[in-house]
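Hi everyone, thanks for coming along. Let me put the model up on the screen, and then we can walk through it together.

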Amino acid sequence: MTEEKMTFHDYMRQYGEDHQNPINKVCHMIGIPMIVASLPVIPFAPPVGLGMFGTGWTFQFVGHAFEGKKPSFFTDLKYLLIGPAWVLAKAYRKLNIRW
């Protein structure tokens, strides 16, 4: 499938295929929200925000060490936006929230 023709759902499906290891999934469920939450904190409390940002990325890379694969965004930067959507979708499914 070419990059130009991939839909949001294609990206989500591929992201899920790239993240099968249970430890990696847990690391992403912690790391991605931490990274996203750090972004508005950085301008107001840089040490706290940068600490959250770095810790979140550490969780990401530790998870990928267990998965044995490089992060998806190494192949396409769009996956930096897909990751938070994937985490949110997983959380919604666990809470039985339809979206």
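The lining of the largest pocket divides into 12 nonpolar residues, six polar ones and no charged ones. In this count, Ala, Val, Leu, Ile, Met, Phe, Trp, Tyr, Cys and Pro are nonpolar, Asp, Glu, Lys and Arg are charged, and the others, Gly among them, are polar. What you see is a predicted model, where local features need pLDDT of at least 70 and side-chain atom pairs count only at pLDDT 80 or more, while totals for chains, interfaces and linings use all residues. Residues are numbered from 1 along each chain as its sequence is written, and side-chain values use heavy atoms, with hydrogens and water left out.

Back to the pocket. Its volume is about 260 Å³. A pocket here is an open set of points on a 1 Å grid over the protein atoms alone, where a 1.4 Å probe fits, with protein on both sides within 12 Å along at least five of seven lines; lining residues have an atom within 4 Å of a point. The grid points are joined across faces, edges and corners, and the volume is the space filled by probe spheres set on them.

Helices are DSSP runs of H or I, at least four residues, numbered from the N terminus.

Let's stay with L80 for a moment. L80 lies in helix 4 and counts as partly exposed, at 39% relative accessibility. For that scale, buried means under 20% relative accessible area, exposed over 50%, and partly exposed in between, using a 1.4 Å probe and protein chains only.

Now for the helix pair. Helix 2 (residues 22-41) packs against helix 3 (residues 46-67) at an angle of about 160°, and their axes are 8 Å apart. That makes the two roughly antiparallel, a label for angles over 145 degrees. The axes are lines fitted to C-alpha atoms over the stretch in contact, and angles run from 0 to 180 degrees between N-to-C directions. The residues of this contact are 17 nonpolar, 10 polar and one charged.

One last stop: N96, in the segment after helix 4. N96 has a positive phi of about 55° although it is not a glycine. Is N96 buried or exposed? At 70% relative accessibility, N96 counts as exposed.

Note on methods
Parallel < 35°, antiparallel > 145°, perpendicular 65-115°, else oblique.
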